[in-house]
Amino acid sequence: MASASDTQQTFQALADIQQHLLAAVAKPFRQGAGSLDASATLQQLARDYTRDPVRWQRLQQSWYEQQWMLWKKLTSPGVAATDGVMNDGAPDASTITDRRFRAPEWREPYFAWLSQSYLITSRWLESAAGGAALDPHEKKKAAFLVRQWIDAASPANFGWSNPEAIKLAAETEGASLARGLQNLRNDLPKGMVSMTDETAFEVGRNLAITPGAVVYENELMQLIQYRPATDSVYERPLLMVPPCINKFYVLDLQPDNSLVRHAVEQGHTVFMVSWRNVPPECGKLTWDDYVSALIDAIEAMRDICGVQQINGLAFCVGGTLLACALAVLKKSRKHPVASVALLATMLDFCDTGELSVFIDEAYVERREREFALERGGGILPGRELAVTFATLRANDLIWNYVVNNYLKGKTPPAFDLLYWNCDSTNLPGPMYAWYIRHTYLENNLRTPDKLTVCGKPLDLSALDLPTYLLATREDHIVPWKTAYASTKLLKGDLTFVLSASGHIAGIVNPARANKRNYWVNEDLSTDADTWLGASKPVPGSWWNHWAAWAAPHGGGKVPARKISGSKKYPVIEPGPGRYVHAKAEPPTTEEKS
């Protein structure tokens with residue numbers, strides 16, 4: 001039997017967890033350096049109420065009626081319900097499919113009332129925001145903010161209203177809550193909830209272990225050359241450019257799901273850009289500096305392999321950077337890249353999906369002032385972007401782990417993709433401010449010669465090399481139709497492929513597993529919906545399709561190079577190099593609170 005002291009500690013642990021969770025509920029509505037300013041949206045909602053009070057009154061009346069019928073349902077079991085919905089539209093406890101409330105503990109009368117009342121209120125909030133007469137951007141922000149509140153306010157997220165957590169606390173005499181509080185304390189210095197068992201992974205031990213060596217570096221990146229896995233290799237080496245907001249090893253996770261290893265086994269000499277987790281002294285670096293770094297990497301590869309041309313493969317913003325580098329080289333009448341594959345990449349930012357709720361003129365101006373070069377620039381913390389991306393799928397990437405880790409005191413399972421996802425990198429503030437203005441806000445990259453990069457007018461429409469464009473159908477970072485828009489911007493021999501799944505899982509789809517599927521259609525003259533309607537689904541991984549596409553662009557076969565680097569670019573250190581090990585700075589005390 002638990003002592004009075006143990007009981008007191010248990011309740012204190014519960015109170016501490018509740019305090020932090022309640023603060024998290026309010027956080028999306030607070031304006032800060034990295035949060036969404038809700039004030040303008042709330043003001044517009046208030047004005048909408050004064051313009052159309054009848055609609056709001058109807059919504060309010062409907063909410064009251066559904067809550068009353070729910071109470072009658074739970075106190076009078078004879079009230080009829082069909083298909084999981086009561087005759088007034090309220091959810092029926094016996095057939096609720098929301099996975100947060102599937103456990104049998106949620107069928108107890110009190111907790112059934114809590115969960116169903118919450119679902120009624122959630123639907124009421126969605127209707128209120130969805131039907132408001134707001135301008136398009138504010139309407140999208142309102143929907144996003146409402147969903148953040150709905151996700152955060154679920155009764156599953158709080159110890160006093162989660163019967164599963166209460167039952168487990170009773171069974172373990174409070175030990176589960178004590179473990180949960182310790183998990184919370186461990187996470188506070190990071191500023192993020194743990195999504196995986198981070199003790200299971202170590203870069204260089206069981207992640208990013210494809211053999212290689214760093215052969216070039218500058219203040220922004222290291223260039224890794226991987227050891228050949230075949231006796232002969234394609235003449236043209238392959239440059240991989242990952243996104244600069246995370247570490248490179250998303251393309252070189254464990255051996256069985258490493259795109260690097262797959263490419264090496266196909267006979268490619270692979271080079272990888274390892275972006276630096278930039279320190280404060282790099283706080284003045286710009287978009288031009290990143291583009292210049294890629295041009296330097298291309299030149300290093302040409303020297304090391306003794307070739308005129310290489311091939312490229314880039315992912316997400318890495319693809320945007322590589323496309324800019326190719327356009328700069330094209331303007332200089334240089335053509336050092338024979339072909340390129342752009343994975344989940346936006347060039348025409350016509351629709352940036354849910355991320356657009358964060359980007360408006362006021363936000364961009366605020367970041368430009370904050371990171372102005374005349375004020376010394378500054379660093380955008382990697383965790384800020386990580387939290388932003390997590391809020392796009394808050395139930396899956398935040399609250400699911402809050403319940404598991406803190407309320408139930410469990411350790412999340414080991415998952416290499418989630419370990420990588422939490423290993424973010426800082427960005428130079430001036431680079432970030434330039435990027436969000438000229439892409440997300442103004443969509444200037446698609447307009448020929450509107451921007452100057454590295455001293456050259458930028459014209460992506462002049463790129464006419466063979467290009468493999470891959471999108472992922474459930475991508476919430478790069479909507480697939482936006483990736484498809486590149487087919488109208490670029491010239492040359494274009495191939496577009498649509499992979500199943502989302503932004504990361506759709507890319508990391510190892511050929512050995514041969515799971516999921518992808519869609520192909522050679523006719524790129526149509527719009528995205530027509531293209532998909534006429535496309536052909538192909539089972540398995542797109543990795544094999546890309547490998548078949550890349551082979552003819554590799555040039556002839558030559559004996560594999562036994563030595564990494566060259567006289568001009570000697571080996572600096574073994575892979576995966578120093579840069580990938582640098583961690584983002586922990587949050588400040590103010591950010592933690």
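The model is predicted: local features need pLDDT of at least 70, side-chain atom pairs count only at pLDDT 80 or more, and totals for chains, interfaces and linings use all residues. Residues are numbered from 1 along each chain as its sequence is written, and side-chain values use heavy atoms, with hydrogens and water left out.

**Helix H2**
- Helix H2 covers residues 39-51; helices (H or I, at least four residues) and strands (E, at least two) are DSSP runs, numbered from the N terminus.
- Its 13 residues should span 18 Å at 1.5 Å a residue, and the 19 Å between its end C-alpha atoms agrees with this; the expected span is 1.5 Å times one less than the number of residues.
- Thr41, Gln44, Leu45 and Asp48 are the buried residues of H2, where buried means under 20% relative accessible area, exposed over 50%, and partly exposed in between (1.4 Å probe, protein chains only).
- These buried residues line one face of the helix, because they fall within an arc of 100 degrees seen down the axis of H2; the arc is that of the directions from the helix axis to the C-beta atoms.
- The buried residues of H2 pack against helix H3 (53-75) and helix H5 (136-152), contact meaning heavy atoms within 4.5 Å.

**Glu105**
- Glu105 lies in the loop between strand S2 (85-86) and helix H4 (109-130).
- Its relative accessible area is 17%, so Glu105 is buried.
- Apart from neighbours within four places in sequence, Glu105 contacts Phe111, Pro163, Glu164 and Lys167.

**Cysteines**
- The whole structure contains 0 disulfides, a disulfide being a pair of cysteine sulfur atoms within 2.5 Å.
- Cys350 is partly exposed at 46% relative accessible area.
- Cys422 also counts as partly exposed, at 24% relative accessibility.
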